[in-house]
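Have a look at the chains first, and then read on.

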Amino acid sequence: MAIVAIPSLMRDLTQGKAEVVIQGSTLRELVENIEAQFPGVKDRLCHEDANGVRISPYIGVYVDGALVEKGMRSPIGDSSEVHFLPAISGGSES
Amino acid sequence: MADGNGYKVVGTRPIRHDGVDKVTGRAKYGADLNFPDMLFGKILRSPHAHAKIVSIDVSRALAHPGVKDIVTSKDLPILSENILAEDKVFYKGHAIVGLAAVDVHTAEEALSLIDIEYEVLPAVTDVAKAIREDSVVLHQSLTTNTLGEKTGKPTNISSHVRHQNGDVEAGFAEADVVVERTFTTQTVHQGYIEPITATAKYNPDGELTVWTSTQGAFNVRQQVAGILDCPASKVRVVPLEIGGGFGGKTTVYVAPVAALLAMRTGQIVKVTMTRDEVFEGTGPAPATLIRLKMGATKDGRITAADTDLFYEGGAYPGSAVGAGANCMFAAYKIPNLMIDGFDVVVNKPSSHAYRAPGAPNSSFAAECVIDEICQKLDLDPLEFRMINGAKEGDRNPIGPRHGKIGYLETVEAAQTHDHYQVEVGNGKLRGRGVASGYWGNGAGRSSVNLTVNQDGTIMLLEGSTDIGGTRASIAMQAAEVLGIAAEDVRPAVVDTNSIGETGVTGGSRTTHATGLVAIRAAESVIEQMKEKLADHWEVNLNQVDFADGTFLNSDNQISFKEAARICSPVVGSVTESTTGAGGAFGTHVVDVEVDEDTGKVEVLRYTAVQDVGTAIHPSYAEGQIQGGAVQGIGWALSEEYVYDQKGQMVNASFLDYRMPTSYDTPMVDTVMVEVPNPGHPFGVRGVGEVPLVPPLAAIANAVSRAIGVRMTHLPMNPGSVLKALNKI
Amino acid sequence: MSRKVHVQTQINRENVEFLCEPRQSMLEVLRNELDLTGAKEGCNNGNCGACTIIVEGRPVNSCCMLGVEAEGKEIQTIEGVATPEGLHPLQQKFLEHAALQCGICTPGFIMNAKVLLETNPNPTEEEVRFWLAGNLCRCTGYDKIIRAVLDTTETTGVSTNG
């Protein structure tokens with residue numbers, strides 16, 4: 001079970017909840033499971049490109065405080081904390 | 001020559017491998033290539049800040065002797081508006097037409113023969129005006145994106161992010177002192193001394209070669225291939241030495257135009273920007289408007305912070321307001337928080353990354369308000385930071401928990417430093433300011449290829465272009481693992497055909513990510529050599545050990561060099577999407593003296609403390625800190641884009657865009673605190689970007705304390721200081 | 001288009017001849033005609049010093065000098081500073097002090113500092129900073145450059161002749 005922090009501007013989709021507990025061993029599973037409970041979240045977080053559905057490039061996903069680098073295959077631990085934050089573009093393509 | 005950490009190479013200061021070439025002028029930078037029959041490209045840019053392009057007539061230019069080809073956006077296979085404008089221009093300097101001629105002077109002459117009819121539109125070049133309901137709107141199709149949900153109404157506000165924690169109203173009610181201020185910072189440029197340049201060649205077999213100075217050759221490959229609609233595998237990008245980047249060279253400007261002209265003419269085409277083109281045609285750091293209210297108890301605990309951040313994205317959306325929000329309060333524990341961040345388009349060049357993009361602006365506001373709170377509470381500002389400062393396990397107020405960090409260590413080091421112990425001096429307008437700052441640091445994909453030569457030296461191929469000494473720091477990490485001297489590793493930055501994909505040299509990621517991959521490649525080399533030696537010595541593999549640069553089993557012991565003679569060639573090749581970067585903090589102390597007649601601010605003394613994790617090559621880590629601090633001096637005191645009423649930049653030269661010279665700066669004392677990052681074998685933390693985050697506020701706080709007036713607008717040039725002193 | 005001018009000059013102690021248009025700067029001639037790319041173009045209007053060369057013993061922004069003005073003059077560029085015997089003390093000190101990061105401004109600084117040390121073998125820190133104020137560096141913040149120049153005077157007692 002991961003503890004997922006819900007960004008302020010998405011709390012309208014989670015009945016105002018700032019934090020939800022979700023199952024998932026990869027980021028992809030987590031997103032699918034959040035969507036199942038709170039429809040509309042996936043659309044806000046993801047976009048579709050030639051490689052399929054991925055997290056929007058404007059969003060950085062932090063698992064246990066660290067930015068994930070393996071996209072949707074990023075592993076999520078049993079009691080991980082997950083945050084969705086605006087992507088930091090450090091000297092790189094904004 | 002072991003250092004305190006027990007390393008043999010890490011922590012030492014060898015001469016960098018590319019040093020001799022650079023001090024003798026032999027090193028080849030992007031614009032240093034000359035080929036026979038090469039054409040020179042130039043770009044016609046908009047003279048207007050905002051206009052419709054009614055018509056373009058290139059016939060006179062095409063007829064000019066020596067002009068070989070002319071292109072506009074309709075010749076680009078995939079439209080890319082910032083590369084060549086389509087039917088509207090959004091800033092003075094916006095590229096419209098590219099042409100190639102036999103020499104640069106002919107190309108410049110030909111530009112003046114291009115006839116463009118414009119319908120000039122009103123321009124908006126101030127974020128405060130651009131957010132108003134009655135403002136000129138740049139893009140009719142742009143509506144505000146609030147984390148995926150669009151509002152549907154045309155506006156200049158392209159996105160809104162929000163972070164919310166606790167209850168700010170309750171937090172302010174609990175506070176004994178509340179400070180509310182509005183801050184502005186002006187547009188500033190990365191200021192790299194080498195202008196943007198690219199040279200392109202197209203082979204009839206379909207392979208395109210692009211030589212350029214860039215922070216990311218694979219980025220260039222991807223973008224050029226994308227715009228020219230060809231496979232990336234057909235584009236070879238050769239990164240030459242780069243004359244500064246600071247985030248500004250992580251994207252392409254002229255490379256696609258050079259490539260297109262090369263494809264169409266069949267000749268090699270070089271396009272180099274002039275200095276004024278660099279100012280007006282590339283992405284500067286955003287100007288910002290920030291409102292911030294913070295509250296604290298009388299014993300110095302922060303209770304609440306509420307802020308609105310408005311960042312100029314320039315002509316197209318994409319300012320670093322998100323990163324600004326992420327970093328603003330990272331150093332502190334704040335129970336009640338509301339951050340609203342807005343990305344706003346204006347008629348200026350499309351903003352781009354500049355060293356810790358977004359963070360210097362937001363930290364300017366945060367660290368100045370904290371200073372004012374300290375003054376009101378009569379608390380020492382470093383002591384205040386010890387009370388509120390974050391450590392491992394505390395949350396960044398916007399959410400994630402910090403891993404192992406060294407923030408409080410930087411504050412302690414500043415407190416105990418000699419600089420902080422001596423009086424700042426009085427009798428004149430003198431003041432001392434302190435400020436802290438944070439940057440998240442990147443990881444990501446890098447590739448390294450190691451080859452062991454027979455003589456025990458190593459060829460190290462990497463894709464990370466070297467802007468500040470990373471060749472040396474990567475080579476040193478490999479050398480440490482192999483137990484050999486840094487000089488015995490020969491690093492080379494190679495082209496995109498010769499190495500696996502590697503991310504940009506940016507985001508303070510290189511020493512961590514490429515270093516990590518080099519370490520893994522070295523470990524792979526050792527494993528392979530153990531196998532070969534097991535055969536050679538006719539023992540089992542598990543009887544062969546490696547330690548301290550020596551391979552041994554119960555009967556034999558040989559050095560790496562001797563083993564190389566037996567085993568070579570051995571190749572270790574690794575590509576990895578690395579993780580495990582550690583964020584870093586800095587705390588700066590600055591003393592200034594203000595001349596009350598001229599308003600000029602002199603920086604008397606500067607001490608910059610930073611947690612570097614582990615300094616691989618201390619001289620180059622120090623150099624990053626010093627360089628960032630001095631860029632901060634420029635941003636704080638003299639640099640800005642000045643616009644006239646038509647929205648045109650009037651100071652696009654190094655004369656009037658005033659960057660610090662050697663005469664404007666003191667020595668910069670650096671203190672490197674080392675709290676190793678557990679995510680890297682040697683404890684590395686990125687160092688390059690943090691140093692630009694604290695200086696704006698550190699200097700503003702010093703000036704504010706010197707003159708007794710709170711400075712909230714940058715730059716604090718002589719005119720604005722005299723205004724603050726009510727002298728003009 | 002005007003006729004090219006034939007120029008005879010001395011660069012790095014060698015006799016050199018070239019053709020150039022009257023409108024070509026010395027910087028352009030060095031970089032495009034003579035393949036001496038050590039002098040760099042940073043601004044092309046005399047404000048950054050990256051193009052500094054030495055003409056008749058004086059530091060000059062080569063972007064502000066015409067190619068035709070080289071006629072009959074003694075010119076030194078960064079390519080002529082080291083000798084077959086080794087690096088000039090300034091070059092060595094720059095390396096030891098890590099006084100370069102990207103290195104684009106380094107040739108200009110070395111040319112200008114070389115003339116400083118020939119003129120004033122023991123300058124103070126302030127004199128060094130003032131003399132070099134015409135050379136912009138964006139990477140180092142100047143600290144290590146100033147230390148390298150000061151160290152060259154102290155340890156090498158250099159009075160540099162070519």
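Start with A478(B). Leaving out residues up to four places away in sequence, A478(B) touches L450(B), I458(B), L460(B), V489(B), A518(B), I519(B) and A522(B). Touching, or being in contact, means that the C-beta atoms of two residues, placed from the backbone, lie within 7 Å.

Before going further, a bit of housekeeping: this is a predicted model, where local features need pLDDT of at least 70 and side-chain atom pairs count only at pLDDT 80 or more, while totals for chains, interfaces and linings use all residues. Residues are numbered from 1 along each chain as its sequence is written, and chains are lettered from A and ligands numbered from 1 in the order in which they are written.

## The core

Back to A478(B). It belongs to the largest nonpolar core, which has 302 residues; those touching the most other members are V210(B), A258(B), A259(B), A478(B), I699(B) and V703(B). A nonpolar core is a set of buried Ala, Val, Leu, Ile, Met, Phe, Trp, Tyr and Cys residues joined through C-beta atoms within 7 Å. Buried means that 20 or more other C-beta atoms lie within 10 Å of a residue's own; exposed means 12 or fewer, partly exposed is in between, and the C-beta atoms are placed from the backbone. Which helix gives the most to this core? That's helix 15 (residues 510-537) of chain B, with 11 residues. In soluble globular proteins, nonpolar side chains tend to be buried together.

Helices (H or I, at least four residues) and strands (E, at least two) are DSSP runs, numbered from the N terminus. Now find the open sheet in chain B made of three strands in the order 22-23-24, with antiparallel pairing. Strands pair if DSSP finds at least two bridges between them. Strand 22 (545-547) and strand 24 (557-559) of chain B are the edges, each pairing on one side only. On average, neighbouring strands here are turned by 25° against each other, direction ignored.

Strand 23 (residues 550-552) of chain B is joined to strand 24 of chain B by three bridges, and F551(B) has I558(B) as its bridge partner. Across strand 23 and strand 24 of chain B lies helix 16 (residues 560-567) of chain B, at about 90° to strand 24. For such angles, axes are lines fitted to C-alpha atoms, for helices over the stretch in contact, and angles run from 0 to 180 degrees between N-to-C directions.

Most residues other than glycine have a negative phi, and most peptide bonds are trans.

| Cis peptide bond | Omega |
|---|---|
| S568(B) to P569(B) | near 5° |
| L714(B) to P715(B) | near 0° |

P569(B) is in the loop between helix 16 and strand 25 (570-578) of chain B. P715(B) sits in the loop between helix 18 (695-707) and helix 19 (718-724) of chain B.

Two asparagines have a positive phi: N726(B), near 60°, and N44(C), about 65°. N726(B) lies in the segment after helix 19 of chain B, and N44(C) in the loop between helix 1 (26-33) and strand 3 of chain C. Buried or exposed: what is N726(B)? It counts as exposed because it has 7 C-beta neighbours inside 10 Å. N44(C) has 21 such neighbours inside 10 Å, so it counts as buried.

Chain C also has helix 2 (residues 89-96), where six of the eight residues are buried, so the helix is largely enclosed by the rest of the structure. The buried residues include L90(C), F94(C) and L95(C). After this helix comes A98(C), with a positive phi near 55°.

## Where chains meet
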